[in-house]
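Subject: Structure handover

Hello,

My notes follow below it.

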Amino acid sequence: MSTVAVIGSGVVGRRIARQLTASGFVDRLILGARRPQRMHGFVRQLVDVDIEVIAPGPLPAADVTVLAQPSGGHTELAEEAIGNGSHVVSLSDALNDVEGLLSLDSTAHKADRSVIVGAAFSPGLSCLLARHGGERFDRVEEVHVARMGTGGPSCQRQLHRARTQQALERRNGSWMKRPSGTGRELVWFPDPLGAKDCYRAALAEPVLLSASFPEAERITAKVAATRRDRLTAWLPMLRPPHKDGGPGAVRVEIRGVRDEIQTTEVIGAIDYPSAAAAAVAAIAAEWSLLGVLPSGSWSLGMLDDPLPWLQELENRGITAAVYEGLSNT
Amino acid sequence: MRALRRAILAMGVGTAVAAILRLRGSGGIPPRQGKWRQLSGPDFR
């Protein structure tokens with residue numbers, strides 16, 4: 001009997017629960033919610049699986065634990081889940097969570113469990129696209145990730161915090177801290193979202209992609225922002241966040257050498273970040289249940305072969321796009 | 001005095017031109033070449 005615990009029942013957590021219920025791989029689903037009494041209506045929509053709703057407290061015993069609650073404290077929860085003999089799928093995009101989860105590698109190896117870090121939209125889908133695009137190069141010199149849009153309210157709050165924290169960038173083999181809100185760049189996202197100004201923020205992609213592209217001279221991540229976003233970044237959120245911060249997009253620009261020619265490859269995707277994040281996390285949970293994923297702590301950018309993931313995402317309606325026209329320079 | 005008048009005139013003309021450009025120009029989005037192509041099955045093999 002396979003049991004999955006989804007901790008966090010916000011916009012993304014609920015979407016994950018729906019996907020897992022529909023997958024047919026899960027017999028029992030445990031939903032962790034801050035206010036379990038508000039989950040009755042949602043639980044009634046989930047059929048064919050045993051559902052249990054729990055309040056915050058010790059993690060339940062499960063084969064896979066999906067951490068879909070707001071950023072912060074994911075490392076401690078992942079340690080607890082590994083102690084329970086559970087695989088872990090984390091959706092956090094906070095730098096401290098990501099760094100902490102990656103440090104659990106030896107613990108996860110010893111327990112023969114996988115800790116999948118940043119299994120969401122960005123990071124997550126962005127890492128898969130970077131990995132896929134990078135495979136076409138003989139040598140990758142630069143990787144630049146840009147994103148726009150957010151998932152649910154917690155994701156928007158985390159992005160609001162990230163706009164004021166120090167951004168981490170990989171430059172010539174070392175880490176550089178740069179102020180958020182700088183580095184303005186006009187980025188063309190897939191149509192119909194089009195061009196948006198993007199700026200530095202404390203995003204996790206450089207940390208998650210550095211292991212896959214050790215030779216890269218530059219790895220950066222930026223996020224779309226309006227003038228109001230930049231002006232109000234230092235203030236508390238002036239109005240409640242939207243229920244869903246989509247539609248959104250992710251764009252990965254890879255520069256390097258292919259067939260001895262300097263080449264630029266641009267790959268991206270457009271979707272509701274909450275939907276894409278849920279699909280990535282659900283796939284990670286399902287494949288963890290099937291035991292086909294490697295043990296240890298890793299991100300989707302560290303996979304040897306990202307194609308099965310991209311194929312499965314395509315089956316679930318999340319498609320990538322490549323920018324054609326100015327590829328070779 | 002003559003130089004001062006010329007300087008004021010030059011500044012006025014410059015301000016007028018800048019104001020016209022600022023008000024009429026949208027800034028806009030720079031032109032681009034190429035287009036996005038959706039990746040599908042064959043691209044993932």
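The contact between the chains comes first: 10 residues of chain B touch 15 residues of chain A. Keep in mind that this is a predicted model. On chain B, the side that meets chain A is made up of four nonpolar, three polar and three charged residues.

Strands also pair across the two chains. Strand β16 of chain A (residues 320–324) runs antiparallel to strand β1 of chain B (residues 35–38), and four bridges join them. Within that pairing, look at Tyr323(A): Trp36(B) in β1(B) stands opposite.

Next, the core. The largest nonpolar core counts 105 residues. Val66(A), Val280(A) and Ala281(A) have the most contacts inside it. Which helix gives the most to this core? Helix α10 of chain A (residues 273–290) does, with 12 residues. Both domain 1 (3–120 + 276–308) and domain 2 (125–274 + 318–323) of chain A supply at least three residues each to this core.

Ala281(A) is worth a click. Setting aside neighbours within four places in sequence, Ala281(A) is in contact with Ile16(A), Val66(A), Ala68(A), Val89(A), Leu91(A), Ala119(A) and Ala120(A). Val66(A), in that list, is also one of the residues named above for the most contacts inside the core.

Now the backbone. Two cis peptide bonds to check:

- Ser122(A) to Pro123(A), with omega about 10°. Pro123(A) sits in the loop between β6 (114–117) and α6 (125–134) of chain A.
- Asp191(A) to Pro192(A), with omega about 10°. Pro192(A) belongs to the loop between β10 (185–189) and β11 (194–200) of chain A.

Two residues other than glycine have positive phi:

- Asp112(A), where phi is near 55°. This residue is in the loop between α5 (105–111) and β6 of chain A.
- Glu260(A), where phi is near 65°. Its loop runs between β13 (248–258) and β14 (261–271) of chain A.

Best regards

Key:
Residues numbered from 1 in each chain as written. Chains lettered and ligands numbered in written order. Predicted model: local features only at pLDDT ≥ 70, side-chain atom pairs only at ≥ 80, totals over all residues. Contact = placed C-beta atoms within 7 Å. Nonpolar A, V, L, I, M, F, W, Y, C, P; charged D, E, K, R; others polar. Pairing = 2+ DSSP bridges. Core = buried A, V, L, I, M, F, W, Y, C linked by C-beta atoms within 7 Å. Buried ≥ 20, exposed ≤ 12 C-beta atoms within 10 Å, placed from the backbone. Domains from an automatic or database assignment.
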